[in-house]
Amino acid sequence: QVQLVESGGGLVQAGGSLRLSCAASGRIFSINAMGWYRQAPGNQRELVATITRAGSTNYADSVKGRFTISRDNAKNTVYLQMNSLKPEDTAVYYCNADMTETTARGAIVSNEYWGQGTQVTVSS
């Protein structure tokens with residue numbers, strides 16, 4: 001049983017900053033890649049940024065240079081620092097994690113998990 005919980009969303013003016021956090025909990029054997037995705041009304045969910053266990057990152061072109069993804073492996077937490085926010089960044093942001101978990105019977109299985117999402121609204 002594992003869970004991802006996001007926090008840090010809110011309302012901010014264009015040009016402002018927000019820092020999102022996503023903490024994983026449960027019977028975690030290991031957390032591999034983690035990432036942030038977002039979905040605006042009427043749009044498909046899109047990748048924002050990903051980070052491997054070792055810290056290798058990838059970003060969507062639309063956020064490159066403005067957003068920074070990072071992680072604290074000791075805390076099982078991934079962060080998304082968002083600077084120079086634009087109205088186009090308005091969306092629900094979802095945390096994603098590729099995790100290997102230990103089942104109650106001692107088996108280990110790998111799955112992708114999603115958080116519930118946190119709303120980010122950028123006003124002009």
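Let's start with S30. S30 sits in strand β4, residues 28-39. Strands here are DSSP E runs of at least two residues, and helices are H or I runs of at least four, numbered from the N terminus. This is a predicted model: local features need pLDDT of at least 70, side-chain atom pairs count only at pLDDT 80 or more, and totals for chains, interfaces and linings use all residues. Residues are numbered from 1 along each chain as its sequence is written, and side-chain values use heavy atoms, with hydrogens and water left out.

Is S30 buried or exposed? Buried, at 13% relative accessibility. The cut-offs: buried is under 20% relative accessible area, exposed is over 50%, partly exposed is in between, with a 1.4 Å probe and protein chains only.

Now its neighbours. Leaving aside residues up to four places away in sequence, S30 touches R53, M99 and T100. Contact means heavy atoms within 4.5 Å. The side chains of S30 and R53 also make a polar contact, at 3.3 Å. That term means an N or O pair within 3.5 Å; within protein, one atom must be able to donate a hydrogen and the other to accept it, and residues adjacent in sequence count only if both atoms are side-chain atoms.

Next, the disulfide, meaning two cysteine sulfur atoms within 2.5 Å. The count is one. C22 pairs with C95, S to S 2.0 Å. C22 is in strand β3 (18-26) and C95 in strand β9 (91-102), so the bond ties together parts 73 residues apart in sequence. The S-S torsion is about -85°, so this disulfide is left-handed. Both cysteines, C22 and C95, are buried.

Last, A54. A54 lies in the loop between β5 (46-51) and β6 (57-59). A54 is exposed, at 80% relative accessible area.
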